[in-house]
Amino acid sequence: MATFVPPIKSSLSRFIKRRFNRWLKRRIPPASHHKLSNRNIFIMPSLLGFAYLTFVVLLFLLATNYQNNIIMLLSYLMASLFITTMMHSFFNLSGIELSADKNSAGYAKKNIFFAIKILSVNKRSDLHFCFDDQQAFHLSQCDQGEQTVYVSCHYENRGIYYPGRLKVWSEYSLGLFITWTRIDFGNQCSVYPQALPLRDSQRNFSGTIKENSFVEKYKSGVDDFFELKTHILGEPLSRIAWKQFARGQGRLTKHYHEQQGTSCWLKITDMPNNGLEKQLQYLCFLINEYNHAGQIFGLDLGQEKIMPAQGEHHFKQCLMALAIFPK
Amino acid sequence: MINQSFSPERFSLSPQNSWALLICQCLNLSLLINELSVWMLAIISLCLSGRALTLIKPTLKLHRVIILLLACAGCLAIVVTGQQLGVLLSMLHLLCFAYSLKGLELNSRKDFYQIVLLGIFILASVLVFSQSLFISFIIFCLFILNITVLLAYFCPTQNIKNPLIKSTKTVIQSIPLAIVLFIVFPRLSPFWQVPSAKSAQIGLSESVTPGDIANLARSSELAFRVKFTSDIPKYNQLYWRAMVMDEFDGRTWQQSKNSALKNKDNSTNITGEMTKLVGPQTRYQVIAEPSYQKWLFSLAVVDPKSLEANQISILPLPNYTIKSSKAISQTTSYQVTSYTATMRNYSLSDNQRLTNLHIPRGNNPRLQAQGERLNLAYPDEVQRAQAILDIIREQDFYYTLTPPLLSGHELDQFFYQTKKGFCVHYASVFTFMMRASGVPARLVAGYLGGEYNKQSGHLSIYQYDAHAWAEIWVENKGWLRVDPTAAVNPERIERGLSQELQQDGLFNNDLLNLHRYKHLAWVNTLRLQLDSLDYQWARLVLGYSSKVQYDLLTRWFGHFQAWKIAAIIGGALALMMLIMWLVNIKKSKNKPLVKWLTQYQQILAILKTKGLEKPVTMPANQFSDLVIQRFPSLTVTFIAYSQCFEALMYQALTDEKKKQRLSEMKQYQKQIKAQLKNFK
């Protein structure tokens, strides 16, 4: 949404924002682990806080005009409560240890989550987490110990994004203050294209149908169960033999008899020609399908080629190639 | 900048909190029941029950028209009753009305904040009407409750007890700084005139008809308290003058209008003449409860100079009473010095003499006739007065608080037929007879005696101590006090109303009244304890005026200077913050994380130094796989270690099993540490 902002004002606010960010960078440098303390917690009266202060002054005037000592005592008590609340607001955040994974990935137009681990000695209340311009996550009660929250990011287009600093804030205990911090985990968010289902009719459109066309391969290979092997980290979870696992035989992976020699290629040129972004979205869908089926496949994006393989690592690599494909 | 990006949340209060808010509203408003008109109370209860309905049945939505109707009805009620209520009460009505109506429109956070602040404002306005210890304590508790509702919004829990404890703690932590501010923060004089509380007048009224004071005698409300700084005079000398009534219309005694007017013109003159004070000083502080009248209480004769130092302006009147310039609408204290031995011989003008001799023609003819007979029989005024007292003493007059009703020539009827009455009857008859016999005489209304409280050494004077007596003018001696009640009931003068008399018609509509149970020793002790506490409250807190403050601060900190005040407040603030800070640090240290978590954290820290960091989302068992890949030699220990950790973390174990697991975990921890040392 574009609103008119006077150029001087916008440049001024941009200038202030830049200065503030530079200052923040020095004050709270990026790290994977932050402990909140007076070094990185900011505290400001909220709108209610200012209203409350005005109210205290009003009570003081009332007390003075009526020469009423008890109302005066009440106004002093409220003023003092303001300070106490400030301390409690600060204590509510201070001492929390936060750590987060640096990287996260997901699809465009879907929520991508960053896991934030909270480690706290005391109970905390009313915590909010969010990245700039993103949806906030509200944790109304944080128990003693370890807790993980998932803070979402939402992007419209594929690419690599830096969500920026994580804002953690709280209005506990009386809403008189906003206590907040902006910590930098150096988060990086890989956004894959949105998976766009490819209908059969469209598949037929796609260029020359070769012998190793994906339609054929898609069907076979899944059928013939071959053997169970010990699970290796990175193999798709969908292929873990859960029955055996439940029986306590450990983590085994189902392997299927496949025609190893004929691997298939997913080519960008094979996709219906509805523009580059659409093509990438189709590819994303297919990569998902193939991976789910445990199929061996390669990705051909023209300049960049990924050799046929299978497994979690390969899958991520392919999606990543889509994400960073030049526009 | 920060505020803008916070996403707006839908506002909703938890059911518990909504009920708490409603209860809070009811309690806040219930303190003002006495001040609100019946119509307003009806509308407010409609609003509150409407709110309760929406809470009981959440699907029910009050139609906008209903709310509009309620709003219109409330405004109408305020407009209609506004004229007779006066400014202050009208505003109070508006406040209470807005407060109860707001409960029906609780749609956003702003509404919620407004309602909480309005609630606290209502509490403050209750204090305009009463500042007793009891009310103040209730207000304090309700303040905590109001804060709890606000707090509960930010930490929603199933029951309200948790936030209640938290808010109580927070408020109690705020008390020290509040007290420091109360003591040192400079008191200012009023900035502008405010409408004062107008309430029904309490205590003595400005006119006395035989039968009036009997009603007062049934009331055990406190009238005022006195603390003597010199010796306490004897009980029968404690004649607290409030007003002098010298105009008699045949039925009612009242203050003559010109005496009040006259005072203004030559007040300097009075002060000049009244300085001939002799005898011992009696110094005392009076703490008067609100009476909504201007009359103040003192022992005659007051030293006018001693009144000048007071916070409120007090005028001495030529009839030896004192009067405040404003009606007493809140607990007020003042300092007085009296010279009780001084003669009240301020000259009597002809005009005054006439007023004090006036009897309506043909009124109470038998008494008038007897008065004239006495004039002949006893030429000396004092002897004449004594003769009347003798008549009262010798005939079978009877002192009672429930005299028979009188009509027609009331005093005649009382003196010759019924012979049953109390102080006003006797004083009226006496004054009337003295006037009839040619001696200027007048009625004085006030209080007699007081209850001595040993704990704090003050006197409490209750409404049932109200009394009326007479004064006669004797040439060269001035006004002499004569109390005809002494002739019929000496005990009243020496010790106050007797138990039997009080039981007669006293407090029978108030079972909870502690005065009713004076004969029970422990109740009486308790009552005196409470009285003593309330007195200290009135003296120390209510009586803390700018003058007292100035004296206290100069005594403590020497010369009064602004920077000293600022330094004290700043110091107290810093100290409070420091203490809270230290307590918080200690609290965090005393409550370490659960043991297994701390241990696991340690291992994670060591692994991190070896270049293996645990991703946040990864469960412990998966991470153990990762560890094994990296450090194959740890395989056995680390898997067992992880299992122990997960069991402790996520399984519900008995205490015994927990201990066992924990000790296992400790062993593994040692082994892992030892093994990890070998890796460089």
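**Figure 1. Burial of Thr331(B) in the predicted model.** In this predicted model, Thr331(B) counts as buried because 23 C-beta neighbours lie inside 10 Å, where 20 or more are required. The residue belongs to the loop of chain B that runs between strand S9 (322-324) and strand S10 (332-338). When neighbours within four places in sequence are left aside, the contacts of Thr331(B) are Gln131(B), Ile287(B), Glu289(B), Pro290(B), Ala538(B) and Leu542(B).

**Figure 2. An open, antiparallel sheet of chain B.** Four strands of chain B make up this open sheet, in the order S3-S13-S16-S17, with antiparallel pairing. Strands of a sheet pair through backbone hydrogen bonds, in either a parallel or an antiparallel sense.

**Figure 3. Pairing of S16(B) with S17(B).** Strand S16 of chain B, residues 466-474, pairs with S17(B) over 5 bridges in the antiparallel sense. Within this view, Ala470(B) stands opposite Val482(B), a residue of S17(B).

**Figure 4. The side of chain A that touches chain B.** Contact between the two chains involves 55 residues of chain A and 51 residues of chain B. On the chain A side, at least two residues each are supplied by helix H2 (47-66), helix H3 (69-93), strand S3 (97-100), strand S5 (111-120), strand S6 (124-131), strand S7 (137-142), strand S8 (145-154) and strand S11 (177-183) of chain A. H3(A) provides the largest share of this side, with 17 residues. By residue class, the side of chain A that touches chain B comprises 28 nonpolar, 20 polar and 7 charged residues.

**Figure 5. Overall make-up of chain A.** Chain A contains 8 helices and 17 strands. Of its 327 residues, 34% count as buried. Among the contacts in chain A that link residues at least 6 apart in sequence, 67% join residues at least 24 apart.

Note on methods: Residues numbered from 1 in each chain as written. Chains lettered and ligands numbered in written order. Predicted model: local features only at pLDDT ≥ 70, side-chain atom pairs only at ≥ 80, totals over all residues. Buried ≥ 20, exposed ≤ 12 C-beta atoms within 10 Å, placed from the backbone. Contact = placed C-beta atoms within 7 Å. Nonpolar A, V, L, I, M, F, W, Y, C, P; charged D, E, K, R; others polar. Pairing = 2+ DSSP bridges.
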